[in-house]
Each structure stands twice: as C-alpha cells, then as structure tokens.
Amino acid sequence: MLKRAYKVVDAFSSRPFLGNPVAVILDAEGLDTAAMQAIAGWTNLSETTFLLPPSTPEADYRLRIFTPRSELPFAGHPTLGSAHAMLEAGRVTPRNGKLVQECRIGLVNLTVDSEGPERRITLDLPAATVTPLAAADVAEMEAILGRPVDAGAVPSIVNVGAVWAVAQMADAETVLDLRPDFARSVKFEQRLGITGITVFGAHGGGEAAIEVRSFAPSCGVEEDPVCGSGNGSVAVFRRDRGLLPAGGADYLAAQGRRVGRDGRIAVKVDATGKVSIGGACVTCVDGFLAG
C-alpha cells in the first residue's frame, strides 16, 4: 500500500489547536479528482489540499483545494498551511523570500519571512470583483443571521476565487452573538452561487481591529474557524466601501472564538488597493496517509 506524506497544519496561529487546520497531502500524484474528494470528505476539515508538480515554470508547485463536498479554485488558510508544510518538509525553497503557487484561479504570490517557529507567510489576494447585493437578498441575509446588517455599507458578493457574501455588523459583540439559520443559508448560497457568508464588526479596543466569522454550510462547513479568503474579502469590501484610509491600511483581524479557536490574521491594503493576508502556521500532525 502506497504511503503519502501527510500533515495537518494550523494556519493563522503560532500555537497548536488555535488556528484553522488544513490537511495537506504532499504526495498527491496518481490521485484522481474522485479520490481527492473522498479523502477530503474523510478528513472532514474545512479544507484538504493536494500538492502536485506545477504545470508552468513560473510556479513552485500546484495546489488543489477541496472542502468535504467540493473543490475550490482558491482559499486562504489552505494556501498558507500548504506552503508551510512544503517548506517544513524541504520540498520548496523560497527565491528571494518568494514562492509562487499554482491553483485553479491562477498564480498566487507568497512572501516568506524568517524560519522555524518565527516563520510568517503572506499571500497576495487574487484580483477581486465586487457586486452589491439586491435589497431582497440583503433582507434574506438578515433573516439568516437573525440580526440587521449595517445599511450604510451595502452588503456585496466579493469574488476572490472563493465567493463570499460580505456584510458589516454593528460591532464585534454582535458578530460573536450570531446564531445563523444554516439550513436557510444553504439555499441562499446555492441560489446565489456563493461559497458562504462572511461578516465582520469593529472591536472597541485591543490588538484586533475587527472580529470576523465565516459560514459556508453548503460546502459542508457550518463555520470556518479562521478564514483567509473570508478575511481577504472583508478587506476588499472595506476598501471599496471607504471604510479604510485611501492611502492603505494595516490591521489585525480576530476569528474563531465561537468555535474554540483564537486566530489572528494580518491584513494589509496598500495605496493601490492590493490586499495581502498572512500569519503564522504550526504543524499539529506529521505522518503518512495510506492508500
């Protein structure tokens, strides 16, 4: 029986069991799509990734990303966690502190700072499109969430590969108190063709500027513990709605408290509008997958 190198990496945390775990299969050659989907269903994590040789010389490796139910063209925490796994295993070496990941959305640039426990990985978010939600869809979102959203910043669909309906709530405590209607959200997500709903609200103080939660029950993930693409979509939304300084901003987002995690996502929006997200990663499982 073939053994494939396998890691589970917590992204957006330097301490085990507090970030968002991604299962990483480092030796995915020979697995077809059905086998990858079956493995992702078995791990039952929000995402499982499969590392393959690149199809273009510009990339260091190719990544396929699966939820328990479907394949994604891009996702944030699997991108960071997979890069961490490859670096730790000695499978890739940064070139001038840079890596290039190939995935279904195209090429994703990553920056690697430091080594070992001090390593921080940052990705450049793929180009985004923003589409305001219709009034009827905003009303449905509010019914799903059980709370009103901020009408001053029109909720929108933000497509960064993963596709999130994004809304601002009154504050961080409102975000933390949400108890969404997941059955209703599945229908909403499927009708709009989106990954899920991501919401955020401002903290009144402390290290984190905002609290974020991401819900994707149609993908088999009621709540993603610490979501990179969700946080990237929030940054795009805040930029487009004038909620960030015109010259750019750096801030820290918190996510995961309601599911027993304590993730921290470093977000940067530069003066041109480019969004980068990053953080620490730590390996929690290191071994082999049989099959």
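## A tour of the chain

Colour the chain by secondary structure: six helices and 18 strands come up. The radius of gyration is 18 Å, close to the 19 Å that the globule rule gives for 291 residues, so the chain is as compact as a globular protein of that length. Keep in mind throughout that this is a predicted model.

**Whole chain.** The trace spans about 55 × 40 × 35 Å. The accessible surface comes to about 11,800 Å². Carbon and sulfur atoms account for 51% of that area. Now colour by burial: 55% of the 291 residues count as buried.

**Contacts.** Draw the contacts between residues at least 6 apart in sequence. Of these, 64% join residues at least 24 apart.

**Aromatic pairs.** Select the rings. The structure holds three aromatic pairs. Zoom in on one of them, F50 with F66: this pair is edge-to-face, with 5.6 Å centre to centre and 90° between the planes. Show the strands around the two rings. F50 belongs to strand β3 (residues 47-52) and F66 to strand β4 (residues 61-66), so the pair ties together parts that are 16 residues apart in sequence. Check the surface again here: both F50 and F66 are buried.

**A charge over a ring.** Last stop: select R238 and Y251. Which part of R238 sits over the ring of Y251? It is the charged end of R238, 4.6 Å from the centre of the Y251 ring.

Notes
Residues are numbered from 1 along each chain as its sequence is written. This is a predicted model: local features need pLDDT of at least 70, side-chain atom pairs count only at pLDDT 80 or more; totals for chains, interfaces and linings use all residues. Side-chain values use heavy atoms; hydrogens and water are left out. Rings of Phe, Tyr and Trp (its six-membered ring) pair if their centres lie within 6.5 Å; planes under 30 degrees apart count as stacked, over 60 as edge-to-face and the rest as tilted. Helices (H or I, at least four residues) and strands (E, at least two) are DSSP runs, numbered from the N terminus. Buried means under 20% relative accessible area, exposed over 50%, partly exposed in between (1.4 Å probe, protein chains only). A charge sits over a ring if NZ of Lys or CZ of Arg is within 6 Å of the ring centre and within 35 degrees of the ring normal. The radius of gyration is taken over C-alpha atoms; the globule rule is 2.2 Å times the number of residues to the power 0.38. Contact means heavy atoms within 4.5 Å. Accessible areas come from the Shrake-Rupley method with a 1.4 Å probe; for residues, only the protein chains shown count as cover.
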